[in-house]
Amino acid sequence: MSTAWVTLATNDGYAIGALVLAHSLRQSGTQHALHILYTDGVSPALRAQLTSVFTASTLVNVLDSRDIANLALIGRPDLGVTFTKLHAYRLTQYTKAVFLDADTLVVQNADELFERPSFAAAPDIGWPDFFNSGVFVFTPSEQTYHELVELATSQGSFDGGDQGLLNQYYSNWRELDAAHRLPFIYNVTSGAIYSYAAALKKAGKDIKIVHFLGSAKPWQKGAAHAHVGTHWAQWQSTFDSNVAQTLP
Ligand code: UDP
Ligand code: MN
């Protein structure tokens with residue numbers, strides 16, 4: 001069984017996020033490979049860093065949703081590029097993989113995710129009957145890739161990004177066995193929309209993967225943000241000790 005964590009970067013900002021994520025995965029002592037998908041929007045200096053830190057890398061084309069109307073609706077025209085995420089399904093050298101957004105940070109070993117059935121994801125906190133597509137367990141498959149592209153071109157995505165498309169494709173996710181529904185500790189988006197301070201106090205030590213969802217990303221210096229302060233600081237310290245000195 002061949003397995004990998006997979007992430008994506010289409011520009012230098014997300015590439016820095018991916019580097020910090022990779023270091024956090026190594027620090028967690030993961031036994032799984034780290035695979036980066038990147039596009040020609042990443043500068044040569046950052047590409048060199050990605051290929052040295054990740055176990056494997058693949059240069060992919062930007063797959064845009066061309067669904068400008070819907071994207072404008074949610075105010076995030078940049079999200080069209082997340083359709084590029086679909087390339088993860090083409091990594092059929094792996095029998096099981098876990099996709100992580102480049103704006104996630106692994107704060108504790110989460111290798112048990114690979115024991116989950118495919119497809120598995122955590123609820124989106126804005127609308128918990130849909131899953132958040134920043135962390136998901138999947139089985140790479142050319143057939144699934146083609147079905148997703150076909151769905152994207154025939155129907156588009158209801159939110160213009162990959163999350164709407166994947167939720168449309170796995171539309172019975174909410175009805176699946178509990179094993180397909182990841183606990184919130186694997187995709188903690190607290191701060192983005194709503195947070196439950198007492199729950200964070202009680203369960204914060206169990207968190208395994210933090211997700212800096214939303215427009216403020218930790219690689220944007222001095223960004224005003226609503227993320228949990230300790231999580232933001234943990235990202236910064238991983239950056240300072242592993243990535244900062246490797247940048248041009
Ligand atoms: N992404 C990218 N370039 C972009 C936008 C997104 O490489 O310009 C990738 C990156 O892996 C990112 C993921 O797509 O983490 C999803 O986008 P983002 O995390 O910004 O969305 P959010 O989680 O805030 O909804
Ligand atoms: Mn994200």
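This is a predicted model: local features need pLDDT of at least 70, side-chain atom pairs count only at pLDDT 80 or more; totals for chains, interfaces and linings use all residues.
I begin with the chain as a whole. The protein chain contains seven helices and eight strands. Its radius of gyration is 17 Å, close to the 18 Å that the globule rule gives for 248 residues, so the chain is as compact as a globular protein of that length. The C-alpha trace spans about 45 × 45 × 40 Å along its principal axes. Of the 248 residues, 46% are buried. Among the contacts with a separation of 6 or more, 67% are between residues 24 or more positions apart.

I now come to helix α7. This helix runs over residues 229–243, 15 residues in total. From its first C-alpha to its last, α7 reaches 20 Å, close to the 21 Å expected at 1.5 Å a residue.

Which residues of α7 are buried? They are H231, W235, T238, F239 and V243. These residues cover an arc of only 100° around the axis, which puts them on the same side of α7. What covers these buried residues includes helix α1, residues 12–27, together with strands β5, residues 104–106, and β8, residues 209–211.

And what does the face turned away from the buried side carry? There one finds the exposed residues G229, T230, A233, S237, D240 and S241.

To conclude, α7 has a buried side that includes W235 and F239, and a face turned away from that side with exposed residues including D240 and S241.

Definitions and conventions: Residues are numbered from 1 along each chain as its sequence is written. Chains are lettered from A and ligands numbered from 1 in the order in which they are written. Helices (H or I, at least four residues) and strands (E, at least two) are DSSP runs, numbered from the N terminus. The radius of gyration is taken over C-alpha atoms; the globule rule is 2.2 Å times the number of residues to the power 0.38. A residue is buried if 20 or more other C-beta atoms lie within 10 Å of its own, exposed if 12 or fewer, and partly exposed in between; C-beta atoms are placed from the backbone. Two residues are in contact if their C-beta atoms, placed from the backbone, lie within 7 Å. The expected span of a helix is 1.5 Å times one less than its number of residues. The arc is that of the directions from the helix axis to the C-beta atoms.
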